[in-house]
Each structure stands twice: as C-alpha cells, then as structure tokens.
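Student: I'm new to this one. Can you walk me through it?

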Amino acid sequence: MTGNVATAERGKFVLQGLDCADCSERLEQELNRSGFPDLKINFVTKSITLEVDKLQEIQKVIRQVEPGVELVRAVPGQEEGLRAKAVRDLIPIAVAAVLFIIGLLMRQEGVLKTGLFLLAYIIVGGKVLAQAWKNILRGQVFDENFLMGIASLGAIAIGQFSEAVGVMLFYSIGEFFQDLAVERSRGSIKALLDARPDYAYIEKDGQLIKIPPEDVLVGTHIVIKPGDKIPLDGKVISGTAYIDTASLTGEAVPIRVEVGDQVLAGTINTNSLIRVEVSKAYADSSLAKIFELVENAATNKAPTEKLITRFSSYYTPGVVLASLLLALLPPLLIPGATFQQWIYRALTLLVISCPCALVLSIPLGYFGGIGAASKHGILVKGSNYLEAFTKLHTVVMDKTGTLTQGVFKVKSVMPTAKYSANQLLYYAAMAESFSAHPIAKSITSAYQEKLDNHNITDYEDYAGLGEKAKIDGELVLIGRELFLHQQGISIQPLEEREAEGTVVFIAIAGKYAGFITIADEIRPDAQETVSKLKQIGVEEIVMLSGDDEVETARVASALGINKFYARLLPQDKVAWVEKLENGLKPGATLAFVGDGINDAPVLAKANIGVAMGGLGSDAAIEAADVVLMEDRPLKLVTAVTIAQKTKIIVLENIVFSLGFKLIVMILGALGFATMWEAVFADVGVAIIAILNSARMLGYKVQKPDNR
C-alpha cells in the first residue's frame, strides 16, 4: 500500500518566563525523558521549535518542571522591550533597598529594625524562596535558588538579619545586571537578523502595493526601489543596480546586477529601481535559511558546553555537602570553636558556590562566536562545529569550483585526421546540450551556431563520467578517458596536447575522434588560503579532483599543495575522506570544503563539511555543517580564526570563574571573607564572564591583503 505521508506542522515558540540557563538545561532534559527526545531549547533566544499538535503535551511537562514558564507562538517584533522589562524587575529591588538602608541607619536594636529587615527580605527574596520550594517539591534541590535560600535563612537563624537581607538584595541586583547583559547580547544577536524585509512591492493598475513577503508566489514580478531590502530570491527582469550584500556575505563592496542576474533576499538595492521575478517562496529563500541556521545553531552544543553542564550537576551538591561538613565538624573537633562562627563560614561558602557564571557565559560565548561568523558571511550550524574547528588537523579541498573559478572556457579543439575542429566541436556540443555541468556549458557556448536537439536520440548521462547519445544517427561518446575505455574505445596518446587544462575525449561511431581542452582559472585568494591555513596550525592540506593527473598536478603545484588525488568519482572522494579521517590522531578533526551537488555525500561524511558559495548547490548547503556565503576559500581561514578566538574566551571564563570562586571559598572557610563579600564576588564573576562572552559579537577579523 502506498500513499502520501502527512508531515506534522512545526512552529517556533518563545518560552516566556524562562530566565535561568540552568533551568533551561533541566527543562530540556525532562522534555527529552518525557517522550520528546529531539526537542532542543535555545536559551539565548528563549525559543523552541516543536510539532504544533504536541503543544499541549509539551506545555504540560513544562508546567511540571517550570510552573512560571508558558509557550507563546513566536511573532517577530512582539518581544517585551528591554527598558520595560528592566523597570518591572527593578521596582521590588528598589523598595527592598530603601527598607534595608533605613534599617541600617537605625541605631537602636529592636522589633522595628528587625521588622524592616524581614519585610525587605520578603520583598526581594520571596520569589527566590518560592522557586526554591517548588523545585524541592519536584525533586530539583540543588540550584541557585536553593543555595541563596539556605544561605540567607541560615543567616536569619543565627541572628544576622542585615546580612540575610544583604545576600538576597545583592543576589537580586546581580541577577538583574546579569539578565540585562544577556538581553543586550540577545539584542545584538537579533540585530544580525535585521535583514528580514517587512514587505514586498507588486505593481497593480499602475500602483505599487505592499504585501508581506510570505504571501508572494513564485513567478510574481516585484519592484525593488532604491534603498529597499530585496524581500525574496529572484532574477532581474529589468533595470541595472548595485546591490549591497554585506548582510549575507559580510562584504561591503556592492555588486552590479543587470537583466538575467540573480539577487538574494536580505540584500539592499543601493541606487536604482529594478524589477525582479521571484524564483523561490520566502520560506525557501537564502535569507530564511540563514535565519533558521543562526537561530537554531545554539541547539547543537559543543563538548565543552556539555562537560560544564555535567560538572555543574556534581559541583553544586558537592559544595552543599562541603558546607554542611564545615558547619558541623570544626565545632566538634576544634577546642573553642562555636557553631555560630562555623555555620556563618559555611553559609558564606554556599553563597560563593553558585554556578551561574559557568552555566550561562559558556553557551553565550559560543553563540557570540556563531554571531561573529555570520557577520562575516559564514554560517555555522552549531557550536559543536565551531569547537571542532579548534582541533583542525587536515583540510581536504575539492579542486573545481573551490580552489578554481569553476568557469570553464574551451582553450583548444584537437580532432583526429577524419574530422575538422568545427565538426568535433559540433558533435561535442550536441552531446553536452542536455547537461547543466559547467564543462558542458563551456562546450555548448564555444559552438556558436544554433543547436537542434531534435537530432539527438538515445541520450544517456553517466554521472561523473560522461554522456552517450545518437546524433544524426551516429553514436557519440563524450567524457573522461576512463569512460571511453569502459565503452571499448582505444584513445591515442596525448603527445599533441599543447594547452594545460581539463581534457574531454570524444568518440564517434565507435572510433576515437579527438579531444577538447577546457581551461579553468585558479581563484585569486586560493594560494593565500593554503598559506594561511598552514600558518594557523592546519598540518595537512589535501586536494581531491575528478580531473586528470596533469591538470590536478598543475593546480596543486601552483597552490603549494603537496598531496592530491585525481580522476575521482564522488564515491571515491567519500572513500578518501574516510581513509584520511581514520588516520587522524584521537581528538583531531578533518574539514572538507566543496561545492556543487556531487560534493554533498562527502560534505555529509566529513567531521566538518564546508559548502562554499551561497549561490551554490542547495544539496551541498543542506549537507554541510558550515556555509561560506561567498565563493572565497579565504573565508575558511576567517571561520577557523573566529573559532579559535571563541575557544579562548570560553576557556578564560572557565578558569576565571572557577579560580576566583575557589579563592573566595578558601578565604570564606578560613574566616577572611564575609557573606557580603561572597555575594559581591559571585555577582561580579557572573557579570564579568557574561560581558567577556558578549565580546565575540563585536569581534572583527583583520581584512586580508588581496594585492
């Protein structure tokens, strides 16, 4: 039985009320355990993509784990303003701070002073205590709410009312500034996606009408005025303009487009009116794919992120146990030690132990790296691939279209004595007329007369090898030397070959008829790419090609690549990548860089698949882990550089957070740090780590010298 399989509708939802990175991690784990193993929460954008028909089930799980969190359909532009949220969160802090200061100024101890402190404590700490209690009832004991609640209640129990309020007040102030830093980072990330066009213009009865890009059908003619963002991918049908592509490619120099040229959604028409025929629906446009890649990138977590999450799950209970032992053992073992003294030190240890700085700043650091890469026209599908770049040992690069321009021109036509050059070119052009391959197009372009496809019968395409067809009743074979050998054709040696380039062989009526040499130029930045990859630590660079040994060796020699393999079919490239990956030392990674549909299998197989060229094959972009939006291999160096800088920032946060906390923990245990100093240290470490992570959003790679 056959039939169409219905695809469940998927939608993006915002998790309103989710303000804690640790809570996000726990919620995701619980959803995965509850029958939704593929759900990923993006804490940086507070979003989740799910199947709409399962919304109620998922919301039920969320309410059990995080009662205050609600799923709301994501609608662009409806997020709460940063200023409004800041005012709402600041009011209880301000009221509690006023009561706290009044209490401190009162010289006389008594019920009134204690009452002021307790009222301030309830106002600023009630939400924290309530959340801690809810978590305990759900079996989630060890989190920052629990740590602050136990520390402050313990201070009240030993009569340290002012310190109890101080802990809760400064913890809340710290959370406020921490949230502010994260929201500002979110704002920077959203600014990266500001290329989203709000409308498209269509012409009707001489009037321009605004409609949403999502409502425009393929084939519709739209008008792009000077200064407007191009709302959809399409082909220019009238006018000439300069297009600013910086939002997609990271390059500020506008490119000239005219009738017949392709334009991409999100780019900007800088100078004159053009009309465009829409070639893709908005959901399938390059811009929509970029939004999806950037927004979903945080769900593919790096090993360091996963390690810190596991570490935190053991770290917090360990600190609580250490605090309990610090409160009980010294008074029992050390003569003259009091429980009040050592309980206070134990509470100080609890305050400083909060893991917020690690749990939040590390994913934010990776997302900052992904954001910085997108600013430079590099789309990274997850922080795991960003981290894999930092362990890069081998780069394997396809030749045609990656290291070379992929724009072929016929350089020479060498027939045997039986045919003239024009006759050989005619048969070759006819045989290639159904193919979309760049080499085939170069041959059909070289034959300047009109081709009549009606004279072609029994056409067969042999992927990666060549074509077979009957032309004017004659059987014609065209393609690689291997292809003709497989068909039983004997080829003469190439002593007559004069020009360097790709060679295409032709046989007519079962006999070898000659060859055509096709020239392909090396990309201007290819040699610099190879040189700089070696400079930044890549130990081995390999080139793979379907071309013959002579042309492959010529390109490899010009670029300084010592290891290359020629005459490869797509499956051969996969086999070579597997072999090279198997030879890597543990922990090292391999990146394959290619374009075109025939590279999709090897892009999917490599540790890091890099598709070059935003206008390249959709199949290659779908299969790749990293997409370079420009046809410039030098962008790979930029991607690796950003990855290395991101890893440095992440390691800085880990060392700084753990190191500083350890020092204050020791000082607190020895009695040299008060609870006030502990909460200042905890808040300060978290804010500094978050701000350090956010630096990646503004990171700029030095422009290469393209002289």
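Tutor: We can go from the whole chain to its sheets, helices and a few single residues.

Tutor: This is a predicted model, where local features need pLDDT of at least 70, side-chain atom pairs count only at pLDDT 80 or more, and totals for chains, interfaces and linings use all residues. Residues are numbered from 1 along each chain as its sequence is written, and side-chain values use heavy atoms, with hydrogens and water left out.

Student: OK. How many helices and strands in the protein chain?

Tutor: The protein chain has 23 helices and 26 strands. Both are DSSP runs numbered from the N terminus: helices are H or I with at least four residues, strands are E with at least two.

Student: And what share of the residues is buried?

Tutor: Of 707 residues, 51% count as buried. Buried means under 20% relative accessible area, exposed means over 50%, and partly exposed is in between, with a 1.4 Å probe and protein chains only. The accessible surface of the chain is about 32,600 Å², and carbon and sulfur atoms account for 57% of that. Those areas come from the Shrake-Rupley method with a 1.4 Å probe; for residues, only the protein chains shown count as cover.

Student: What about contacts along the chain?

Tutor: Taking contacts between residues at least 6 apart in sequence, 67% join residues at least 24 apart. A contact means heavy atoms within 4.5 Å.

Student: Now the sheets. What is the strand order in the open sheet of seven?

Tutor: The order is E14-E26-E25-E24-E15-E22-E23, and the pairing is mixed. Strands E14 (378-380) and E23 (563-565) are at the edges with a single partner strand each, so one side of each has no neighbour in the sheet. From one strand to the next, the twist averages 20°.

Student: Is E22 buried or exposed?

Tutor: Four of its five residues are buried, so E22 is largely enclosed by the rest of the structure.

Student: Which strands does it pair with?

Tutor: E15 and E22 pair in the parallel sense over five bridges, with Met-397 having Met-543 in E22 as its bridge partner. E22 also runs parallel to E23, through three bridges. There, Leu-544 stands opposite Tyr-565 in E23.

Student: Which helix lies across E22?

Tutor: Helix H19 (residues 570-582) lies across E15 (392-398), E22 (540-544), E23 and E24 (589-594), and runs at about 165° to E22. Axes are lines fitted to C-alpha atoms, for helices over the stretch in contact, and angles run from 0 to 180 degrees between N-to-C directions.

Student: What about the sheet with E9 in it?

Tutor: That open sheet has three strands in the order E10-E9-E12, with antiparallel pairing. Strands E10 (255-257) and E12 (268-269) stand at its edges, each with a single partner strand, so one side of each is left without a neighbour in the sheet. E9 (residues 241-244) pairs with E10 over three bridges, and Ile-243 stands opposite Ile-255 in E10.

Student: Switching topic. At what angle do H10 and H22 pack?

Tutor: About 170°, with the axes of H10 (residues 339-352) and H22 8 Å apart. The two helices are therefore roughly antiparallel. The cut-offs are under 35 degrees for roughly parallel, over 145 for roughly antiparallel and 65 to 115 for roughly perpendicular, with the rest oblique.

Student: Which residues meet there?

Tutor: On the H10 side they include Trp-342, Arg-345 and Leu-349, and on the H22 side Lys-661, Val-664 and Met-665. By class, the contact has six nonpolar, two polar and two charged residues. Ala, Val, Leu, Ile, Met, Phe, Trp, Tyr, Cys and Pro count as nonpolar, Asp, Glu, Lys and Arg as charged, and the others, Gly among them, as polar.

Student: Where is Val-637, and what does it touch?

Tutor: Val-637 is in H22 (residues 635-669) and is buried, at 9% relative accessible area. Leaving out residues up to four places away in sequence, Val-637 touches Thr-529, Lys-532, Leu-533 and Ile-536.

Note on methods:
Two strands pair if DSSP finds at least two bridges between them.
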